Amino acid sequence: MEENLKRKTTKALVWSTADKLGQQLFYLVAGIILARQLSPEDYGKVGVLTIFIALSGILIDSGFSSALIRKKEATQADYSTVFYVNVAISCVLYGLLYAAAPYIAVFFKVPDLIYICRILFLVIPLNALSLIQQTLLLKHFKLFVSARVNLWSLGIASVVAIVMAYGGMGVWSLVAQTLGLSLFRAVFFWVFNDWRPRWIFRMASLREFFGYSSNLVVSGIINNVFNKIYPIIIGKFYGMTQTGYYTQADKYQDIASSLISNIFRSVAFPVFSKVQDDLQRLKRICRKNVRAIAFFIFPIMLLMVVVSYPLISIMLKEQWVPSVPYFRLLCFSGICSPFIILFFDLFNSLGYSRLNLQLEIGKKIYLFAGIALFYSSGILWLIGWWISYSVLSLAASIFFARRFLGYGFGEYVKDIFPYFILALASAILSCGVYLLLPSDLWRLCLVPVVYVVLYLGGAYMLKLEMLQEMLSMLKSRVKRGGEA
């Protein structure tokens with residue numbers, strides 16, 4: 001049974017990697033093309049609305065969908081009931097935001113936000129329509145279907161956005177990309193998945209899930225609101241242009257951070273849920289995930305800090321250079337995110353959704369206190385407080401992992417330490433090479449190559465576990481391919 005789960009997990013991880021990597025490459029390429037065509041103000045107008053857009057993610061990633069994955073024998077009545085509830089909630093939420101659009105525009109003193117809001121917020125009911133299809137695919141490890149749907153949808157939406165941008169449609173090209181992605185995903189998930197809701201509504205299913213899911217929904221709302229609150233503060237006190245710089249910096253650091261987070265999250269929670277009754281096995285799986293995340297996240301984020309200036313000035317043009325200091329600082333908070341999300345899913349798999357809610361409330365009180373102190377001190381002060389908030393969040397997660405799983409700070413540091421030290425040493429040596437090169441173009445082209453050689457070479461000489469496992473997996477696949 002353990003070998004079968006391991007095989008399923010490995011296959012799902014491969015497809016999850018292909019899916020998330022493909023999506024981030026699409027976002028990166030499309031984002032570079034769009035950023036060279038659009039203004040920081042265009043991005044600022046969409047950026048201040050991300051807090052509302054993020055609410056739609058609660059319908060997909062929190063609440064009943066997690067409860068359905070965790071329940072080992074969910075019925076058709078369970079799925080149909082959850083489908084109708086989520087569609088109804090999404091429609092009500094869209095109606096409220098549609099009515100609130102004029103007030104949002106007045107708050108930011110940007111009149112055309114009324115029309116942008118009312119079109120952009122359609123993503124909320126669109127996302128709800130494909131909730132169950134995505135949940136079933138994730139629960140049964142059929143991530144190859146999700147990968148096809150996500151990549152096709154994002155590809156089409158990005159092409160539409162680029163055409164509109166070159167046609168002079170400005171901010172509406174960004175609206176089209178976001179809305180098009182949700183629309184095409186909803187259509188394709190229904191086409192490529194044979195599940196259909198039945199005319200069943202079972203109150204017992206709602207009562208069964210409510211205690212667990214209500215905590216997730218509330219914590220999801222709190223988390224999404226506060227995670228996206230900075231664009232609102234910056235937009236209100238510093239203007240749309242500075243909001244554009246911040247949102248672009250956050251978006252590009254998040255490409256790497258969320259890539260790692262989503263790859264492991266799409267596999268970790270279903271696996272944690274299947275072995276939730278075996279704490280020793282759960283701890284081994286959790287530690288292995290921590291080491292795997294550390295292997296990737298430290299070198300990627302530190303490399304981006306090293307090459308941040310040529311990366312932004314060459315790829316996005318000089319108009320985006322003011323976002324470089326924001327980008328560098330946000331990379332440090334991005335290091336913490338995948339670990340925090342991993343522990344969040346670990347606690348959910350153990351049924352401690354109430355603990356996650358309590359943690360979110362405590363962390364957001366800390367974040368709000370910092371915002372109240374530093375909102376007028378400058379954007380860099382706000383980002384500095386966000387870094388401290390990320391570190392505190394990770395520390396709190398490890399504290400409770402020790403309490404429930406016996407996985408404390410000592411073991412966590414032991415798991416991540418070799419990867420962190422190697423990534424840091426590679427970054428320092430790469431900075432030396434950076435200073436010797438004559439131009440930003442040479443720095444952007446050569447420094448990443450030097451960094452990768454240093455990091456992977458060091459990992460090979462030190463015989464770090466994650467590299468050894470990757471090489472072993474690669475040799476096994478090559479061998480099977482040769483035998484075929």
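**Salt bridges and a nonpolar patch in a predicted model**

Leu-424 is found in helix α19, where helices (H or I, at least four residues) and strands (E, at least two) are DSSP runs numbered from the N terminus. The structure is a predicted model, in which local features need pLDDT of at least 70 and side-chain atom pairs count only at pLDDT 80 or more, while totals for chains, interfaces and linings use all residues. Residues are numbered from 1 along each chain as its sequence is written, and side-chain values use heavy atoms, with hydrogens and water left out.

Leu-424 is partly exposed, with a relative accessible area of 33%; here buried means under 20% relative accessible area, exposed over 50%, and partly exposed in between (1.4 Å probe, protein chains only). Together with Val-413, Phe-417, Phe-420, Ile-421 and Ile-428, Leu-424 makes a nonpolar surface patch of about 510 Å². Patches are made of residues with over 30% relative accessible area and no salt bridge, with like charges joined within 9 Å and nonpolar side chains (Val, Leu, Ile, Met, Phe, Trp, Tyr) within 5 Å; the accessible areas come from the Shrake-Rupley method with a 1.4 Å probe, and for residues only the protein chains shown count as cover.

Side chains of opposite charge can pair when their charged atoms come close. With a salt bridge taken as a side-chain nitrogen of Lys or Arg within 4 Å of a carboxyl oxygen of Asp or Glu, the count comes to nine salt bridges. One of these joins the side chains of Lys-45 and Asp-112, at 3.0 Å from N to O. Because Lys-45 lies in helix α2 (residues 40-47) and Asp-112 in the loop between α5 (76-108) and α6 (113-120), this pair ties together parts that are 67 residues apart in sequence. Lys-45 is buried, at 11% relative accessible area, whereas Asp-112 is partly exposed, at 30%.

A further salt bridge is formed by the side chains of Arg-287 and Asp-415 (2.9 Å, N to O), and it links distant parts of the chain, with Arg-287 in helix α14 (residues 279-306) and Asp-415 in helix α19 (residues 409-436), 128 residues apart. Both Arg-287 and Asp-415 are buried. The side chains of Glu-465 and Arg-291 also meet in a salt bridge, at 2.5 Å from N to O; Glu-465 lies in helix α21 (residues 465-483) and Arg-291 in helix α14, so that parts 174 residues apart in sequence are tied together. Glu-465 is partly exposed, with a relative accessible area of 28%, while Arg-291 is buried, with 15%. Through salt bridges that share partners, Lys-283, Arg-287, Arg-291, Glu-411, Asp-415 and Glu-465 are joined into one network.
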